[in-house]
Amino acid sequence: MTLSGWEALFFWVFGLSAIFAGLLTVMARNAVHSALFLISSLLSVAALFIILGAEFIAGVQILVYVGGVMVLFLFVIMLVNVGAEERGKDEIFNKPRQVATSLLFCLLLVAALLWAVSNGSRALMAKTLNPDGSPMAPTAQSLPASATHTSMITEATQLLGSALYRYGSLPFEIASVLLLVAIIGSVMLARTLKQEASAEDLAPEVLREEILKDPELANLEQLTIE
Amino acid sequence: MFSFFFHSCLLLLQEASGGRLEQSWEAFRHPDLSKFLVIGALLFIIGVAGVLTRRNIIVIFMSIELILNAANLNFVAFSRYLEQTGNVNAIAGQIFVVFIIVVAAAEAAIGLGIVIALYRNKETIWVDEIDLMKW
């Protein structure tokens with residue numbers, strides 16, 4: 001598998017921008033900036049997916065990650081915004097000893113990566129080249145044009161859909177149950193004390209303690225007792 | 001136009017040095033599977049560094065998303081590689097990616113629900129101040 005021409009250029013552009021945006025995600029002082037850099041990193045990876053011929057995955061990445069998950073992240077950042085880190089009062093990283101230890105492990109990962117690349121890439125290249133050293137021809141040639149004649153249609157999405165429902169139908173159903181559990185779980189976790197009290201979901205002794213702190217809860221208790 | 005630009009750069013660099021540079025220039029012009037794996041691994045390492053070093057629990061969650069995304073990139077790159085070497089089951093890599101994205105979405109929803117509950121009880125999102133279970 002080798003890219004050439006414009007594909008190679010776009011590979012370098014989006015690959016480097018994915019890495020730099022990822023770095024800035026970790027380094028940014030403001031959590032909102034972190035989220036925006038993560039969005040640009042995810043978009044760059046979606047572009048890499050398109051270069052790799054996985055259009056459906058790229059679309060799902062943009063719709064689900066950028067459109068859904070990151071909006072959720074931004075909502076929560078706005079909800080719990082403490083504001084101290086933007087003003088520069090609080091340290092955003094852990095204590096120096098912990099940071100040094102974790103960076104040591106990251107450097108070990110980098111060393112393992114360099115070792116693996118220097119050993120493995122030559123063997124990989126040998127597998128993708130013909131015996132005379134020329135790159136293998138791609139298997140799918142002369143793709144059909146789309147209805148608007150602006151692009152070529154690959155069969156990747158069709159293949160993915162049929163494989164998903166043919167071989168992955170049981171995991172597909174399990175994933176839907178997982179999403180249901182996630183919906184119910186996040187609703188249950190994010191309830192306020194008042195909502196828990198009015199749903200009669202608090203232990204009586206906890207409720208009595210909380211009424212001492214917040215007398216308004218007693219009204220709710222009255223309601224539930226009646 | 002584009003290939004002319006490449007070739008003129010190549011000629012300039014060939015003038016400047018010997019054959020080793022030509023080889024790496026060739027690898028730069030034709031990125032293969034290993035370049036995708038390197039980018040995936042770098043994203044993974046950046047994500048791990050974020051999880052280990054940051055104090056803000058929301059940024060830690062975002063670093064986890066970065067790690068999962070690096071795994072997705074590796075899956076899709078290997079899927080393409082196997083497809084071009086003629087493997088009929090190459091599409092399985094993309095199926096894995098679909099399920100990883102589903103699990104990541106569920107994980108983000110649950111995790112952020114926990115963050116909101118935690119903030120309501122402890123009034124903090126710094127992970128080093130959340131030490132209730134530390135012995």
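**Chain B against chain A**

Helix 6 of chain A and helix 5 of chain B run roughly parallel to each other. Angles under 35 degrees count as roughly parallel, over 145 as roughly antiparallel, 65 to 115 as roughly perpendicular and the rest as oblique. Here the axes cross at roughly 10° and come within 9 Å. Axes are lines fitted to C-alpha atoms, for helices over the stretch in contact, with angles from 0 to 180 degrees between N-to-C directions.

First, the ground rules. This is a predicted model, in which local features need pLDDT of at least 70, side-chain atom pairs count only at pLDDT 80 or more, and totals for chains, interfaces and linings use all residues. Residues are numbered from 1 along each chain as its sequence is written, while chains are lettered from A and ligands numbered from 1 in the order in which they are written.

Back to that helix pair. Helix 6 of chain A covers residues 169-189. Its side of the contact includes Pro171(A), Leu178(A), Ala182(A) and Leu189(A). Among the partners in helix 5 of chain B are Phe99(B), Val103(B), Ile110(B) and Ala117(B). By class, this contact has 14 nonpolar, three polar and no charged residues. Nonpolar means Ala, Val, Leu, Ile, Met, Phe, Trp, Tyr, Cys and Pro; charged means Asp, Glu, Lys and Arg; the others, Gly among them, are polar.

Now chain B as a whole. Chain B has five helices and zero strands. Helices (H or I, at least four residues) and strands (E, at least two) are DSSP runs, numbered from the N terminus. Of the 135 residues of chain B, 47% count as buried. Buried means 20 or more other C-beta atoms within 10 Å of the residue's own, exposed means 12 or fewer, and partly exposed is in between, with C-beta atoms placed from the backbone.

How many residues of chain B are in contact with chain A? The count is 62, against 76 residues of chain A. Contact means C-beta atoms, placed from the backbone, within 7 Å. Helix 3 (33-53), helix 4 (57-84) and helix 5 (92-122) of chain B each supply at least two residues of that side. Helix 5 gives the most, with 22 residues. The side divides into 42 nonpolar, twelve polar and eight charged residues.

Next, helix 4 of chain B. This helix has 28 residues and reaches 41 Å from its first C-alpha to its last, close to the 40 Å expected. The expected span is 1.5 Å times one less than the number of residues. Of its 28 residues, 24 are buried. Gly86(B), with a positive phi near 90°, follows the helix.

The largest nonpolar core has 73 residues. A core is a set of buried Ala, Val, Leu, Ile, Met, Phe, Trp, Tyr and Cys residues joined through C-beta atoms within 7 Å. The largest share, 15 residues, comes from helix 4 of chain B. Val76(B) is one of the residues with the most contacts inside the core. Its neighbours include Phe49(A), Leu52(A) and Val97(B), not counting residues up to four places away in sequence.

Glu123(B) has a positive phi of about 60°, although not a glycine. Glu123(B) sits in the segment after helix 5 of chain B. Buried or exposed? Exposed, because Glu123(B) has 10 C-beta neighbours inside 10 Å.

Notes: Contact = placed C-beta atoms within 7 Å.
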